[in-house]
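Below is a short briefing on helix packing and sheet architecture in this model. The structure is shown first, and the notes follow by topic.

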Amino acid sequence: MPSRQASARYSAFGLLRRGLTHRDWPRVWREHDLAPAYDAVIIGAGVHGLATAYYLAAKHGFTNVAVLDKAYVGGGGSGRNTAIIRSNYLTPDGVRFYDRSVKLYESLAAELNFNVMFSQRGHLTLAHNDGSLRTMRWRAEVNKLEGVDSEVIGPKEIKRLVPFMDVSPEARYPIMGALYHPPGGTIRHDAVNWGYARAADALGVQIHQNTEVIGIDVRAGQVRGVQTNRGPVSAPVVLNCTAGWASLVSAMAGVALPISTHPLQAAVTEPVKMFLRTVVVSGSLHVYVSQTDRGELVFGASTDAYPSYSMRGSLEFTEELAGHVLALMPSIAKLRLLRQWAGLCDMTPDFSPIMGITPVEGFLLDVGWGTYGFKAGPVAGETMAELIATGKTPQLIAAFDLARFAEGRLVGEKGAAAVGH
Amino acid sequence: MFQIPCPHCGLRNVAEFRHAGEQRRRPDPQTATPEEWRTYLYTQANDAGWTRETWYHRFGCRRFVGVQRHTVTNEVRPADTGPAPSVASPPAGIDAGAPDAGGGAM
């Protein structure tokens, strides 16, 4: 296993020295020739694939692993999301799972030696009617039972947290209360991708960019390897960690999925002085807002109304978004949008992911992450690594298996996942 | 924004329609097992390319309309155009106008 020089470790002193001299900046990860065989092949170099590779190497000693991506590290959903982290879900299965992810994110910077800029600034989900207030109370109670910090607060406290919010009863969509989740917050999503890639590379995992999987070899119900644009690779375990292309990659192995792919658009404003500390989400208005450390407001919304693989932005989205944001914060009407973009979301019928084994032995899934995949990256990686290393499905993801759809065991998270980022 | 050719109303903006899903074979409700029925309900081809699908013209004739759409470029053409799509082509007997092809208004 190639070892990394000690000088490659990031530190404040190293940053100062290299910043002054601009000499020997270390490479973050290496390039390799594609080997004919690996112990495991992971398709998709986003946060899920890279985290799985990292935990395979770090916790289980599996280093003969290749992560393949048809483009570049973190170029899909992992680099297009709005980088919000939270665990205030609705079902006990969902809450336990995402809470483990928040815990892993809390120690990630130290573990990876990479500043991921996790900022636990608090997360507010607004309720504009009795129905959503009831769901907030339900979520708060489930959260508390699972040991997750969540509570329902009233308009006065909301105003204290976000002074710019219109909480008057005369508002177009009056705010009746909110689910307040202090451990929630934002993170630098590129840093998470790069940090996992660098740490996995240092442990011997090979990351292959511009390596597109064009076929999956299955013989006698067992996966044998993959065909790529750089040649064939054999492996007893192939993990599909793609988002947006999950159905197409799984179809190569003959596994049909209950997924439809929808674009989700987001937008960012010009930077302004810090005024919004917490993440603000309104399910009824289909919008979520947070302010980055640079001062830009990041807006996200619900997915487009029809499935598509197109990542073009639309004017309808921008108009609707602006209208909804102004209903919450009329004072930002003069802010200008800097840019908008779209990512692809693989929506499942119950708004929960699909993780674990398939009818094809050795072909594993970590897909169907809808609009909530980024926040689950670390725990998905940890549990998928355990599944690959031990051959046993960890309890934490047992409820998310593919067989649940045919067997009628759906894990309904729509009430907490549909827009609430 | 793109337009959908409604056979009853003509070319209309997509905002007038609700996507009702890709067309797929429905098993016989009398004989299907619960597993077969759930597989029919949930599993989709979700193809990237030309697909056959049903849209509901909610702000127009309020009828279900079958079209072909390219899911990467969002080009749309009438259901009876050109070569059949590679996947998700519906077997004979499924009528795009039938409620079972769309699942009803939400």
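Helices H2(A) and H8(A) are roughly parallel to each other, because their axes cross at roughly 30° and angles under 35 degrees count as roughly parallel. The model is a predicted one.

**Helix pair H2 and H8, chain A**

- Helix H2 of chain A spans residues 47-60, helix H8 of chain A spans residues 189-202, and their axes come within 9 Å.
- The crossing of H2(A) past H8(A) is left-handed.
- From H2(A), the contact draws on Val47(A), Leu50(A), Ala51(A), Ala53(A), Tyr54(A) and Ala57(A).
- H8(A) contributes Val192(A), Asn193(A), Tyr196(A), Ala197(A), Ala199(A) and Ala200(A).
- Of the residues in this contact, 11 are nonpolar and 1 is polar, with no charged residue.

**Sheet of chain A**

- Chain A has an open sheet of 8 strands in the order S5-S6-S4-S14-S15-S16-S13-S17, and its pairing is mixed.
- The edges are taken by strand S5 (151-153) and strand S17 (337-347) of chain A; each has a single partner strand, so one side of each has no neighbour in the sheet.
- From one strand to the next, the twist of this sheet averages 20°.
- Within the sheet, strand S4 (residues 123-127) and strand S6 (residues 177-181) of chain A run antiparallel and are joined by 5 bridges.
- Opposite Leu124(A) stands Tyr180(A), a residue of S6(A).
- Helix H6 of chain A, residues 130-145, lies across S4, S5 and S6 of chain A. The angle between H6(A) and S6(A) is about 25°.

**Sheet of chain B**

- In chain B, 4 strands make up an open sheet with the order S3-S4-S5-S6 and antiparallel pairing.
- Strand S3 (18-22) and strand S6 (76-78) of chain B are the edge strands; each pairs with a single partner strand, so one side of each is left without a neighbour in the sheet.
- Strand S4 (residues 50-56) and strand S5 (residues 64-70) of chain B pair in the antiparallel sense, with 7 bridges between them.
- Thr51(B) has Arg69(B) as its bridge partner in S5(B).

Methods
Residues are numbered from 1 along each chain as its sequence is written. Chains are lettered from A and ligands numbered from 1 in the order in which they are written. This is a predicted model: local features need pLDDT of at least 70, side-chain atom pairs count only at pLDDT 80 or more; totals for chains, interfaces and linings use all residues. Two strands pair if DSSP finds at least two bridges between them. Helices (H or I, at least four residues) and strands (E, at least two) are DSSP runs, numbered from the N terminus. Axes are lines fitted to C-alpha atoms, for helices over the stretch in contact, and angles run from 0 to 180 degrees between N-to-C directions. Angles under 35 degrees count as roughly parallel, over 145 as roughly antiparallel, 65 to 115 as roughly perpendicular and the rest as oblique. A crossing is left-handed if the near helix is turned anticlockwise from the far one by less than a right angle, and right-handed if clockwise. Two residues are in contact if their C-beta atoms, placed from the backbone, lie within 7 Å. Ala, Val, Leu, Ile, Met, Phe, Trp, Tyr, Cys and Pro count as nonpolar, Asp, Glu, Lys and Arg as charged, and the others, Gly among them, as polar.
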